[in-house]
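Student: Could we go through this structure together, one question at a time?
Tutor: Gladly, let's take a look!

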Amino acid sequence: GWFRIHRHPFHEGFDPGYAHYQKGQWREPLLETGEPEVIDYLAGTFERWARFGADGFRVDAAADVPLGLLRRVAAAARAVSPEIALFGEMIPENLHRVTAGILDAATDFPAQEALYDWVWRRRAGAGETGRKAAWRRFDRGGPGYTALAFTATHDQHRLLTLTGDVRSTRLGHLRVLLGAAVPAIYYGDEVGLRGAGTPSRDFED
């Protein structure tokens, strides 16, 4: 089947009888990504949007997607548009797992943490941050363009919200823009936006 059914009939609420997305999102059932029909459907979806003219795709939670499925959807998109950009949200450190011949790049969260230690938490100076960056480049492997550098994402607080300091925030953005990785700027950061003032969901601004 297409879904991971535990029992039937289903029920509304946090234990609906099927596997669902984390954080209590029970209205978002998980697909059975090893099912051939599901694989065909997802590959067809990538192909369809590529034919509509999409320039690129972001694969959410790429670490949870089977490598065979990633290869299939990437091949489907590139068959339509060889120059299409494919990148993944990769929270674990091993970016090479998905960038070695599959996706073009993946998010480098360990590099973001090192940046936070420098410009926000003030746990490290510039020299130590530089050494961490050099080690991270060695540790993750591959050329710089296989990593996405960033200060924040749609699931996080903006850097300016965290630091409360414009100069430190500008320094963080400058570090992202001048590094070897592909810079990813969270929309609004380029004009100095900060959180709306609700601590638990301050990134929804």
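Student: In which segment does Pro-9 lie, and is the peptide bond from His-8 to Pro-9 cis or trans?
Tutor: In this predicted model, Pro-9 belongs to the segment before α1 (36-51). Most peptide bonds are trans. The bond from His-8 to Pro-9 has an omega near 5 degrees, and that bond is cis.

Student: Which strand pairs with β1 (residues 56-59), and in what sense?
Tutor: Good one! Phe-57 stands opposite Leu-86 in β2. From β1 the chain crosses through helix α2 (residues 67-80) to β2, in a right-handed β-α-β crossover. Over four bridges, the partner of β1 is β2, and the sense is parallel.

Student: Which side chains of β2 (residues 85-88) are buried?
Tutor: Side chains alternate along this strand.

Student: What is the bridge partner of Gly-88 in β3?
Tutor: Strand β3 (residues 105-107) pairs with β2 in the parallel sense, over two bridges. Within β3, the partner of Gly-88 is Ala-106.

Student: Is Arg-122 buried or exposed?
Tutor: Let's start with where Arg-122 sits: the loop between α4 (109-119) and α5 (126-140). Its phi is positive, near 60 degrees, although Arg-122 is not a glycine. Most residues other than glycine have a negative phi. The relative accessible area of Arg-122 is 56%, and a value over 50% counts as exposed, so Arg-122 is exposed.

How values were computed: Residues are numbered from 1 along each chain as its sequence is written. This is a predicted model: local features need pLDDT of at least 70, side-chain atom pairs count only at pLDDT 80 or more; totals for chains, interfaces and linings use all residues. Side-chain values use heavy atoms; hydrogens and water are left out. Buried means under 20% relative accessible area, exposed over 50%, partly exposed in between (1.4 Å probe, protein chains only). Two strands pair if DSSP finds at least two bridges between them. A crossover is right-handed if, with the strands pointing away from the viewer, the path from the first strand over the helix to the second runs clockwise.
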